[in-house]
Amino acid sequence: MADLITIDDPDDPRLSDYIGLTDVELRRRREPAEGLFIAEGEKVIRRARQSGYAMRSMLLSAKWVDAMRDVIEEVPAPVYAVAPDLAERVTGYHVHRGALASMQRKPLPAADELLTTARRVAVMESVNDHTNIGAIFRSAAALGMDAVLLSPDCADPLYRRSVKVSMGAVFSVPYARLEAWPTSLETVREAGFRLLALTPDAGATSIDDAAPHRLERVALMLGAEGDGLSTRALTAADARVRIPMAHGVDSLNVGAAAAVAFYAVATGRPES
């Protein structure tokens with residue numbers, strides 16, 4: 001059973017994992033280096049634990065102690081009870097959900113390890129917005145993608161905002177980094193995947209005509225908001241596909257486009 005410890009000093013070193021949660025640059029450097037990430041809210045904390053992540057500590061406002069009582073009783077990590085204003089001083093924002101947990105990261109698998117058993121893979125290039133990362137992981141989980149592969153400059157899926165937007169779906173879909181970009185895409189192709197680059201280019205094949213759901217193995221490539229996939233990534237693809245648009249709209253937000261495209265590559269769809 002965890003110790004429930006009341007803290008009233010914002011400079012208490014035991015709260016160091018929670019300092020400056022709104023400082024994106026600080027947290028992006030610190031969290032991977034120290035092997036931690038922050039889970040925010042009761043549901044996300046529970047999903048992280050159910051996915052096998054070990055808890056380092058938990059930070060709760062008083063009214064959340066009862067709601068998290070079963071977790072407190074199950075984990076050996078310390079639980080810090082603090083006043084809402086103290087939590088705000090430490091984290092840098094008002095913690096609306098009243099519950100934070102510092103979780104221990106797991107080692108990332110190698111890309112070729114994930115590709116051994118996967119059939120439907122999302123490949124992201126330079127998607128560095130945490131909200132978009134979270135939305136894409138949520139759609140990937142909901143629509144049956146087997147894995148996500150990230151270029152080296154993609155945002156961290158375990159950053160607090162990404163985890164929050166995904167509602168914990170980042171814990172459900174395995175992911176890996178493709179360290180040599182875009183040459184690592186050849187590893188994906190060698191594993192038997194057809195690389196489809198999603199682009200708004202009018203010259204690309206309609207994703208319906210490409211019928212990716214009929215392919216044995218598909219890797220759907222997605223680029224950053226605004227810029228899309230780089231020329232190098234487009235060149236490395238086996239084919240370019242687009243989502244047909246109406247009413248003069250030229251493209252969708254990458255999170256919305258990913259959801260549409262993931263449905264298109266899903267297996268088990270009824271044939272027209």
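The model is a predicted one, in which local features need pLDDT of at least 70, side-chain atom pairs count only at pLDDT 80 or more, and totals for chains, interfaces and linings use all residues. Residues are numbered from 1 along each chain as its sequence is written, and side-chain values use heavy atoms, with hydrogens and water left out.

I begin with the aromatic rings. Rings of Phe, Tyr and Trp (its six-membered ring) pair if their centres lie within 6.5 Å; planes under 30 degrees apart are stacked, those over 60 are edge-to-face, and the rest are tilted. Counted in this way, there are four aromatic pairs. In one of them, the ring centres of Tyr53 and Phe171 are 5.3 Å apart with planes at 55 degrees, so this pair is tilted. Tyr53 belongs to the loop between α2 (42-50) and β3 (55-61), and Phe171 to the loop between α7 (160-166) and β8 (175-177), so the pair ties together parts 118 residues apart in sequence. Helices (H or I, at least four residues) and strands (E, at least two) are DSSP runs, numbered from the N terminus.

Are these two residues buried or exposed? Buried means under 20% relative accessible area, exposed over 50%, and partly exposed in between, with a 1.4 Å probe and protein chains only. Tyr53, at 12%, is buried, and so is Phe171, at 11%. Together with Phe37, they form one aromatic cluster.

A further pair joins Phe137 and Tyr175 edge-to-face, at 5.6 Å between centres and 85 degrees between planes. Phe137 lies in helix α6 (residues 130-142) and Tyr175 in strand β8, 38 residues apart. Phe137 is buried at 0% relative accessible area, and Tyr175 is buried at 7%.

Contact, meaning heavy atoms within 4.5 Å, involves residues including Ile136 of α6 and Phe262 of α11.

Finally, Ser162 lies in helix α7 and is buried, at 0% relative accessible area. Among the residues that Ser162 touches are His130, Asp156 and Val170, leaving aside residues up to four places away in sequence.
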